[in-house]
Amino acid sequence: MNKLCMTPIHAEDGTITHVIGIQSFTEAKLDLGPIPWKDSLLWSKDQPLKEANAYKSSPVGPGQSSKDACGLLQLSDEVLTHKIIAYVAPRDVAALGLVCRRLHEITKNDNLWRSVCQNSWGFEATKALESVPGADNLEWGRLARELTTLEAAAWRKLTVGGAVEPSRCNFSACAVGNKLVLFGGEGVNMQPMNDTFVLDLSVKHPAWQHVNVKSPPPGRWGHTLSCLNKSWLVVFGGCGRDGLLNDVFIVDLDAKQPIWREIGAGAVAPIPRSWHSSCTLDGTKLVVSGGCADSGVLLSDTFLLDLTMEKPMWREIHVSWSPPSRLGHTLCVYQGWKVLMFGGLAKSGPLRLRSSDVFTIDLSEEQPKWKYVTGSTLPGGAAPAGTPPPPRLDHVAVSLPGGRILIFGGSIAGLHSPAQLFVLDPKEEQSTWRVLNVPGQPPKFAWGHSTCVVGGTRAVVLGGHTGEEWILNELHELSITHKSLSST
């Protein structure tokens, strides 16, 4: 029998920095009674010995015989690694490596860890990690540990060249591979803009460059910009010169001469809106939710557009119940087609209040349903477990490989835009918020549409907001993994 005693080690400020575990083993003789199959005709006294002798060549560690090994350890390494352990969660694989010498040796295999990560996080997540500059020799075991424990998370400040001119705010940006793309925004005197700038983080000295894209969409701000199919950009909605918009434009950045083209999406298109939220599914589908209509009414609808179809058509996701209508919220995709909604300025009776509520929906279901996960602003809502983030809108939400969600920044009552990080795992039976203390130099301001997620493990915040000016040459990077994976 074994006993594990774990004791936390505290720093001077009281935070837990390490945990020491002491495991002790004691011999115990247990009388389990007669063996049920002892008198069976299918078994003889000699057969168990023969079965054991058949596995004597199996490596079970120094000082051990195969007769002493459990049935699991009598399997070949190939069966253990590819048929069993590859489908175990990363945290449990790490625990298996502490059981005995043989399992420790098996779990040191980096190819095994890649299979573990891919099965746990999904094919797209592992591909995104492998596309990061400097990721030619990924240490998947270390990567799994860092993404599970978040021990390597850190902020750092970056300075880039070039310029985004003229100055603007309320723009939208997203990541296309290792490039940050900025489109549109609100210029001087509320002038809507329609230009495109690109910042390539894979080069030694990144600098903003204006990209001359033909047939640009009408100028706008308060819109969303999303990445599809690894190189496409899709713009939806926002506020233009003549009011709110509901048009869709796409461009392929990898084309020799990028050209914006409008997508006619049929009569069932969402009504014109701004300050909505959007996300992408499977790299091919655009999801749009909520926002503010022309009349000032907040919206609670959800639409999906499959851009791989020859004639894309909007489809409204009809549900029996929707979260309260809102703007300035976020949508995050996790575990394939599951979507998490957080925060925003939500309607609460006759009032509009900042929210910290969490809702999820699985769009792979035949009849999707919104589910209320945690929060306290809904009638009868219980206080969320853990340390929930203060209610906010226009914040940043990052979906990590494995499904956990990071929240930071945005507009908080009485505060600016703190970069304190909050973590939630929506897969848990009772989701609990916790604070993630991260070293480094965080940004003073962080807003949703000015933050891009690169490679699944980096959130790059574009500059800081001071009045009406954005300092777009000063970037802050939140890296979840070791610096060798996130270096620019």
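Student: How many bridges pair strand β6 with strand β7, and in which sense?

Tutor: Strands of a sheet pair through backbone hydrogen bonds, either parallel or antiparallel. In this predicted model, β6 (residues 179-186) and β7 (residues 192-200) are joined by seven bridges in the antiparallel sense.

Student: In what order do the strands of the open sheet stand?

Tutor: The order is β4-β8-β7-β6-β5, five strands with mixed pairing. The edges are held by β4 (161-162) and β5 (172-176). Each has a single partner strand, so one side of each lacks a neighbour in the sheet.

Student: Now the helices. At what angle do α5 and α6 pack?

Tutor: Helix α5 (residues 110-121) meets helix α6 (residues 123-130) at about 125°, and their axes are 6 Å apart. Angles of 65 to 115 degrees count as roughly perpendicular and those over 145 as roughly antiparallel, so α5 is oblique to α6. On the α5 side the contact uses Arg 114, Cys 117, Gln 118 and Trp 121; α6 supplies Phe 123, Ala 125, Thr 126, Leu 129 and Glu 130. By class, these residues are five nonpolar, two polar and two charged.

Student: Which residues of α6 and α7 meet?

Tutor: Thr 126, Leu 129 and Glu 130 of α6 touch Trp 140, Leu 143 and Leu 147 of α7. This contact comprises four nonpolar, one polar and one charged residues.

Student: What is the geometry of that pair?

Tutor: Helix α7 (residues 140-149) packs on α6 at about 110°, with axes 13 Å apart. The two are therefore roughly perpendicular to each other, and their crossing is right-handed.

Notes. Residues are numbered from 1 along each chain as its sequence is written. This is a predicted model: local features need pLDDT of at least 70, side-chain atom pairs count only at pLDDT 80 or more; totals for chains, interfaces and linings use all residues. Side-chain values use heavy atoms; hydrogens and water are left out. Axes are lines fitted to C-alpha atoms, for helices over the stretch in contact, and angles run from 0 to 180 degrees between N-to-C directions. Helices (H or I, at least four residues) and strands (E, at least two) are DSSP runs, numbered from the N terminus. Angles under 35 degrees count as roughly parallel, over 145 as roughly antiparallel, 65 to 115 as roughly perpendicular and the rest as oblique. Contact means heavy atoms within 4.5 Å. Ala, Val, Leu, Ile, Met, Phe, Trp, Tyr, Cys and Pro count as nonpolar, Asp, Glu, Lys and Arg as charged, and the others, Gly among them, as polar. Two strands pair if DSSP finds at least two bridges between them. A crossing is left-handed if the near helix is turned anticlockwise from the far one by less than a right angle, and right-handed if clockwise.
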